[in-house]
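Here is a short report for a reader meeting this structure for the first time. Look it over, then read on.

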Amino acid sequence: MRRLSDVDLRLIRIFCTIVECKGFHGAQIAINMAQSTLSTHLASLEAKLGSKLCQRGRGGFRLTAAGEDTYAAAQALLTDIERFEATMDRVHGRQVARLRIGLIDSLTTFAALDLPGCVARFAAAHPEALLEVDTDTPAGLQNSLLAATRDVVIGASLQPLPGLDYAELATELHHLYCGETHPWFTRPDAELAQGDFLKAAFSVRNYMHFDDTYRLGRVTARATVGSMEAQEILVLSGAYLGFLPAHRGAAWQDEGRMRAIKPNDWSFNSRFFAAFDPRREGAALRKAFVAELRGASGEMR
């Protein structure tokens, strides 16, 4: 490899993720990419470098000698790139106290997390900071940390990855809901049996498909969603049943547009975490934001 391109850097980042996840299975979950695609990308990098980087098989995943050296060099390269970008920001007078935050959607009404209050306290303490906030799926959030395109991510269902710090924040209650035009809206819970659930049409999260379908005893998914707002739309249609955070469902329930189905039986809790990479430049600002999230010392788990 004589010259690096953007494609090469992407392959290098994917290779680092595979190593940090100790193999293809963990990397597949972390960056939401099929193992076959990961294998293709790794083979492309090996072809460019002219060396085999890893061995995998019955003995498990392990790096070759060339792979060990390549991983160490890749870590140094990615760190140097980030330092270069930060230096150029300083040299050319651009804002350097930037904090890029990724969230899953529908957190505005999650009182236990109190994101508006957290942002207010952080902004008062760090008026120089430039905040960039957007939403993504759990897999997309973690992938962005590994790719260094976000600084702090907040969500549930985050897969623990080596090298990242995690802070547990809160627990979010979920109920199963139906809309006001669904046949079950006026049907007493006591009349609903397992057979009814097996025949019903469910909407499930595309990033937690099996968790949602098996939670109720292997029900049939007739729709998938990538966000809670999309789930609300499908439940409100009356055509589907679906899980929603209780703080979101309660607002619609107060308007008479939804109701929770068997809340004592068909509910679950999601654990919320904040995650960031402490090895990258600017970790102090990230820790300060997470400390506000926790409302405590900012101690990482």
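## A serine in strand β11

S270 touches A156, A170, T171, E172 and H174, leaving aside residues up to four places away in sequence. The model is a predicted one. S270 sits in strand β11, which covers residues 267-276.

Is S270 buried or exposed? Its relative accessible area is 9%. The cut-off for buried is under 20%. S270 is therefore buried.

## A glutamate in strand β4

E132 belongs to strand β4, residues 130-135. Its relative accessible area is 34%, so E132 counts as partly exposed. That value falls between the 20% limit for buried and the 50% limit for exposed.

Which residues does E132 touch, not counting those up to four places away in sequence? They are R98, L99, R100 and I101. Take R98 from that list. E132 and R98 are 34 residues apart in sequence. In space, their C-alpha atoms are 7.6 Å apart.

Helix α5 spans residues 115-125, and helix α11 spans residues 283-294. Their axes come within 9 Å. They cross at roughly 135°. That angle makes α5 oblique to α11. Angles over 145 degrees would count as roughly antiparallel, and those from 65 to 115 as roughly perpendicular. The crossing of α5 and α11 is right-handed.

Which residues make the contact? From α5 come L115, C118, V119, R121 and F122. From α11 come L285, A288, F289, E292 and L293. By class, the contact of α5 with α11 has eight nonpolar residues and two charged ones. It has no polar residues.

## Cysteines without disulfides

A disulfide is a covalent bond between the sulfur atoms of two cysteines. How many disulfides does a search of the whole structure find? The search finds zero.

C54 is one cysteine to look at, and it is in no disulfide. The nearest cysteine sulfur is that of C16, 13 Å away. A disulfide needs the two sulfur atoms within 2.5 Å. C54 is also buried, with a relative accessible area of 5%.

C178 is buried as well. Its relative accessible area is 0%.

How values were computed:
Residues numbered from 1 in each chain as written. Predicted model: local features only at pLDDT ≥ 70, side-chain atom pairs only at ≥ 80, totals over all residues. Heavy atoms only, no water. Axes fitted to C-alpha atoms, helices over the stretch in contact; angles between N-to-C directions. Helix = DSSP H or I, 4+ residues; strand = E, 2+ residues; numbered from the N terminus. Parallel < 35°, antiparallel > 145°, perpendicular 65-115°, else oblique. Left-handed = near helix turned anticlockwise from the far one by under 90°. Contact = heavy atoms within 4.5 Å. Nonpolar A, V, L, I, M, F, W, Y, C, P; charged D, E, K, R; others polar. Buried < 20%, exposed > 50% of the residue type's maximum accessible area, 1.4 Å probe, protein only.
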